[in-house]
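Have the model open while you read.

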Amino acid sequence: MVDKPRWRKRHAAGLNAWWASKRQRTGSDESGAVYAGAENNLRKPPSIEDARCALQDLRSLLKPACNEKHHLKLDPVLKERLMQMKNFLWLYTDFSSNGEAHAANTVGGQWGKAADQAARNAGKKQGVYLSRCLRNWSKAYINNRAALPLCKLSKKYSRVEDEDLAADLKLHLQSIGKFARAQDLVDYLSIPANQATHGFKKTISLKTAQRWMMKLGYRWKKEPTGQYSDGHERDDVVYYRQNVFLPAWNECQSRMCQWDRDTLNDPSILEGDEEIGRRLVVWFHDESTFYANDRRKQHWVHMSEGVVPQPKGEGASLMVADFVSADYGWLHSPDGKENGYFTNENIVAHAEKAMDILQKYYPHEDHALIFDNATTHLKRADDALSARKLPKSPSKSWGITVTKKDSSRKAVLGADGKLLKEKIQMANGELPNGDPQPLYFPEGHVKAGWFKGMAQILIERGYVDALQLRAECKDFKCPSPAGEVDCCCQRLLYSQPDFASVKSVLESSCQARGIKVIFLPKFHCELNFIEQCWGYAKRIYRMLGPSESESVLEQNVINSLDAVPLSSMRRFAVRSARFIDAYQKGLNGVQAAWAIKKYRGHRVLPPSIMQEFDDIHPVPATL
């Protein structure tokens, strides 16, 4: 017998070793048959009973019962793989009662063919790789329910995951300030000293810097805006908020409807409570401006569309003033024919129109009007008492200079087109005993019609030494300590009750008709929920058709206002009420904004809110 060449011997030895390793892996004999009971058996298909049990468990895993509180949250990749396994096992276990495949499923009971069919159903033309994966995943799941086909995590490592490097980069970006850029990271790592510190041989690219900005917690977007910060915590504003507005609000709150997220659509809240008497409805007032060319900037654009000419500027504008309440929404009559919508800047005329509607259609309730602290809302009557610019001695010519108006209250123009001016007398004061005090000498007096002067006015009020006082301290900056008001005539007169408590024209007009008026603190737009109603209406307005004329503009504005849901208005009102509750608990503007975000589902904040804020934002220790 001729000996085989060496290469044939080596080849035969390699084949024998391969068959030996295969028998060890699969438990098969030399003929390739697989024997039962072999460990790690990857060739023998599972039994139909085991596959059906696994199929039932997969269905429960993908669609748990409603009464199961704690169920596994599946990521999209894992869920897709489990769906494919479920389809594969259904094809495998679906066959006729005699054990043969039926016409609707020709691969029933056939492990390999069922996997191939499931792969093709998943959109794979050949499906060889997916078919093999389905068999491996399903067999592993049948043997162990915890063996899910999880997606392998990437083992890539980014240099910015180094805590020291990330902290150094964050510190550098914070030192730059508000407008930090990705290029700043590139420039920072181009410095040789910084490269040596962190083990860099060269700086990073701009694309890498942009990815690192994301990992460091930055996002390229418009900066979110919040409440006003300039003047929000000014001493005089805080004093008014805590000592004037909040007490006035607390006085009204016990008679108001208390809305929360569970009662937004509950009409029984409006029925009131007989124990508290007449219900009080609070109406918030504000103005907003709508522009004809204010349109949506983003929408679906077909790729075939080209450049479209745009109108220049904002176009025609329409200033709208209205009242809104959490109880009824926008102010209007029950039939909707009369509404509080107003386009005139005359705030008193608007208030009169609103009070006409309230007293005509809502007479069974009390009402309060809340305005912002604008100068036009606080304007006093032309002849109102004022201690400023008064002469100390009697004066024949002194008077209040105002614009001359005709019988219809319109300003009168002169021949040169300028406004005509005239002088009027100041209204009467009130003596300490309640009697009226004319500020001008009466008829029959030697100085009849003359202004009495501050000294004489104070003498009539009991200040006999008024003639020895100076008229006014320089720039009205009196050097007297707090509580002393006798440094000058002007300061003394300014502290008199009738001079200090002069009401605005708006307040006098409303109180004359039994309507309470409250003015919001300055810079506190978060307390007026009509601001959010404007935002909702403008979002709808931008989706309407173009406002080609002023009449169309006005109609679009009215349609937008009417489209704001009452439930949304009440949600906005609850948010504003949470801010008021935060200020009542002693929080400032920053603390209140944090608390509202943390307890956004609550109508009021917990009493321990100050302690929670201090625990999360500790004050750094000082040496």
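Leaving aside residues up to four places away in sequence, Glu-422 touches Ile-400, Thr-401, Val-402, Thr-403, Lys-404 and Lys-405, where contact means heavy atoms within 4.5 Å. One of these, Val-402, sits 20 residues from Glu-422 along the chain, and their C-alpha atoms are separated by 5.6 Å. Glu-422 itself belongs to strand β6 (residues 421–424); strands here are DSSP runs of E with at least two residues, numbered from the N terminus. At a relative accessible area of 32%, Glu-422 counts as partly exposed, because that class lies between buried (under 20%) and exposed (over 50%), using a 1.4 Å probe and protein chains only.

A word on where this comes from: the model is predicted, so local features need pLDDT of at least 70 and side-chain atom pairs count only at pLDDT 80 or more, while totals for chains, interfaces and linings use all residues. Residues are numbered from 1 along each chain as its sequence is written, and side-chain values use heavy atoms, with hydrogens and water left out.

Now over to strand β2 (residues 317–325), which is mostly covered, with 7 of its 9 residues buried. Its pairings (two strands pair if DSSP finds at least two bridges between them) look like this:

| Strands | Bridges | Direction |
|---|---|---|
| β1 (residues 280–291) and β2 | 8 bridges | antiparallel |
| β2 and β3 (residues 329–330) | 2 bridges | antiparallel |

Across from Asp-322 in β2 you'll find Asp-286. Ser-325 stands opposite Gly-329 in β3, and β2 and β3 make a hairpin with 3 residues between them.

Terms used
Helix = DSSP H or I, 4+ residues; strand = E, 2+ residues; numbered from the N terminus.
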